[in-house]
Amino acid sequence: MKRSLSILALTGTLALGGLVGYELNARTASAPATASAPAVTQTTPDTNLDAGRGAQGQLLPTSTGTYDAGRARTESESNTVQVVKDRQDGLVYVSVKESSADSAQAQLRQRLQQQFPFALPEGDQEQTGTGSGFFVTDSGDIITNNHVVEGASEITVRLHGDKTEYRAKVVARAPDFDLALIRAEGLPAGAAKPIPLGDSDQLDVGLKAVAMGAPFGLDFSVSEGIISSLERTVPVGTRGVQQSVIQTDAAINPGNSGGPLLDSAGQVIGVNTQILTGGSSQSAGVGFAIPVNTVKRLLPQLQAGNGGVIQTPTLGVQFTDLSVLSEQQRKQADLPEQGALIQEVAPDSPAAAAGLRGGTAAGLELNTPRAERRAARTP
């Protein structure tokens, strides 16, 4: 049906063009001849008159010069092309084999397989995964998302323009920040091209954002957008700790996880980590990236991790500030005007050891971090 509509639309457009052309020809043919107006024979515009017009103000044919693709590019396009050329060799395509089909990444791929059977190849795809990463040192250190490599029994990487697969190992993980550092083994000398890290504190809404990665396994893909917001906090990592993130409308899809978000200077400003899907499990124009300053702060610990896990101190509770509730909601639940309502307590956490319990009053619906987490997906 869509094909038929497309053909009809094209036919209608061509027909409209034919009618307009006929009407113009008819008007030209029916116009009375003017004996006093000599025919214009010059083929180049008179530089003393308006550009492109003859002595009688008639339009002249434009010169047919050679098309120059370079001159036709806008400044923004040229910048994007240059950024991609300069940084594409720092991008890494990550493949993993999972030790458990129950891992978060395996479950995500299973949902995608059910909803979008065209997106993933057949076979034992549920036991494998793909993601992205980028070099941060010339010795082969690669930053990616924790959810890309968590639970992996084997990790391999490929470089841009090279089909060779190199084994990689996890140096350290920071699950609460959804970050991991892996190290490629056996790389040829000079193969690792680190991408410079920028400063996410110096960003402004509206600046260009270029996402690089491997959406749906289409390795080394590029999308472009802008920084949509710098005021977002979303649950990040395995424990859903609320953190500030960069929101962008650059297309981010499953497989972009761990890839860099670049600015117009070709510097990493964030690590692509989540998308808000509205239930479609693919890009809806709202993507989130971990600010690069978080990466810079954790990088020394990750490099010294020796395969360990960087844990952050947390209370182990999720709560809602009562000041955001309406007076009606507070009265309904018999709550004071100020304070915090504990909604969830993590098992084996300091809060659990202190005897805190989570819960909400019957019938009280809150805009909680847990609800936000249900809407977010890790690409």
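Here are a few questions and answers on this predicted model. Residues are numbered from 1 along each chain as its sequence is written, and side-chain values use heavy atoms, with hydrogens and water left out. Local features need pLDDT of at least 70 and side-chain atom pairs count only at pLDDT 80 or more, while totals for chains, interfaces and linings use all residues.

Me: Are the rings of Tyr-93 and Phe-220 stacked, edge-to-face or tilted?
Reply: Rings of Phe, Tyr and Trp (its six-membered ring) pair if their centres lie within 6.5 Å; planes under 30 degrees apart are stacked, over 60 edge-to-face, and the rest tilted. The count comes to 1 aromatic pair. Here the centres of Tyr-93 and Phe-220 are 6.5 Å apart and the planes sit at 50°, so the pair is tilted.

Me: Is Tyr-93 buried or exposed?
Reply: Buried means under 20% relative accessible area, exposed over 50%, and partly exposed in between (1.4 Å probe, protein chains only). Phe-220, at 22%, counts as partly exposed. Tyr-93 has 9%, so Tyr-93 is buried.

Me: Which strand is the place of Phe-319?
Reply: Strands (E, at least two residues) are DSSP runs, numbered from the N terminus. Residues 317–321 form the one that holds Phe-319, and that is strand S14.

Me: Which residues is Phe-319 in contact with, leaving aside neighbours within four places in sequence?
Reply: Contact means heavy atoms within 4.5 Å. Gln-343 is 24 residues from Phe-319 in sequence, yet their C-alpha atoms are 5.2 Å apart. With those neighbours left aside, the contacts of Phe-319 are Ala-340, Leu-341, Ile-342 and Gln-343.

Methods: Helix = DSSP H or I, 4+ residues; strand = E, 2+ residues; numbered from the N terminus.
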